[in-house]
Amino acid sequence: NLVKQFKKQHDDRNAEARFLYEEGVYYVESKNLDKAEKAFKTLSSKYDDIPEGARGELGLARLYVIQTKTEDALKRLTKIPQEYDDPEIVATAYLNLADFYYENRALENCIIAGKQVLALREGGPMRAQAMDLLISAYDDLGMRDQAIALQREYLQIYPHTNDALDRRIRIGTFLYYLKEYDRAVAQLKELVPIVPADEEARVRFWIAESYAAAGFTEQAIIEYLKVRFQCKQTKLPFGVTALYKAGDGYRKLENYSKAREMYELVVKERGATDDFGRAANKKIQEIEAILAEQS
């Protein structure tokens with residue numbers, strides 16, 4: 001009855017098409033995929049003369065992704081920009097294409113599709129999603145200059161995003177991988193006073209890594225020890241990794257007693273059968289061999 005009432009009140013084809021699309025979405029969420037496909041196909045064929053009809057193609061593409069019918073999904077998504085010119089719908093198609101390509105590791109195609117979204121949407125959630133996909137694709141391809149530029153642009157457009165701190169930390173790690181260690185340290189040290197306790201270990205760890213890679217071994221050791229003994233420990237093993245890395249630093253400085261102490265702490269903390277424990281045990285044996293030769 002409500003459907004009939006709606007259609008009487010909104011007697012135009014755009015409203016009918018949009019209603020049919022939402023009906024298909026409802027069926028997808030209810031996991032009634034046969035009815036969803038029927039709704040989207042009706043929308044695509046019956047309303048192909050209006051922009052809203054393209055939502056049928058979008059719905060079918062998303063449905064086929066769920067059903068892992070990747071060829072059918074790709075066919076639908078690539079068809080929309082060729083046959084429709086509504087900016088919102090075309091941008092939505094490109095966004096879905098970018099996501100599809102990223103999930104299937106076609107990263108260059110993901111970048112092409114993502115850039116099309118940016119060209120069509122100056123703001124809003126679609127632009128934000130496209131920027132996220134592009135940042136991840138650039139990172140995966142090692143194109144971290146581009147990832148940094150886009151991450152900074154994201155923070156300018158969406159300064160109040162909930163994950164702003166995480167994005168600023170990622171800029172620091174991107175700089176590390178670009179071997180711009182001074183800039184990485186500066187970026188990350190700026191965040192130490194403002195990150196929550198459960199993120200401090202992560203930030204300090206990357207500061208230590210940057211010092212180590214730049215050849216400032218003593219400073220790196222100090223930062224690694226802060227990670228283990230000063231920061232709140234988290235599910236990710238920053239603390240034990242930092243101990244192991246501090247051991248490597250001491251060994252590089254030929255301070256074998258301190259290096260062995262660090263490795264022994266790793267074994268004590270993780271056990272001899274753990275991956276970290278086994279690796280640390282091997283390092284202890286190597287140190288003992290060195291000390292035996294020296295004596």
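Student: Is T68 buried or exposed in this model?
Tutor: In this predicted model, T68 is exposed because its relative accessibility is 63%. Buried means under 20% relative accessible area, exposed over 50%, and partly exposed in between, with a 1.4 Å probe and protein chains only.

Student: Where is T68 found?
Tutor: T68 is found in the loop between α4 and α5 (70–83). Helices (H or I, at least four residues) are DSSP runs, numbered from the N terminus.

Student: What is the phi of T68?
Tutor: T68 has a positive phi of about 55°, although it is not a glycine. Most residues other than glycine have a negative phi.

Student: And what about E254, what is its phi?
Tutor: The phi of E254 is near 65°, also positive in a residue other than glycine. E254 sits in the loop between α14 (238–252) and α15 (256–270), and is exposed with a relative accessible area of 57%.

Student: Changing topic, which helix holds R55?
Tutor: R55 lies in helix α4, residues 54–66.

Student: Why does R55 count as buried?
Tutor: R55 counts as buried because its relative accessibility is 7%. Leaving aside neighbours within four places in sequence, R55 is in contact (heavy atoms within 4.5 Å) with R18, Y21, F40, L43, E88 and I89.

Student: How many disulfides does the structure hold?
Tutor: The structure holds 0 disulfides, a disulfide being a pair of cysteine sulfur atoms within 2.5 Å. C110 is buried at 0% relative accessibility, and C231 is buried at 7%.

Student: What are the ground rules for these values?
Tutor: Residues are numbered from 1 along each chain as its sequence is written, and side-chain values use heavy atoms, with hydrogens and water left out. Local features need pLDDT of at least 70, side-chain atom pairs count only at pLDDT 80 or more, and totals for chains, interfaces and linings use all residues.

Conventions
Helices (H or I, at least four residues) and strands (E, at least two) are DSSP runs, numbered from the N terminus.
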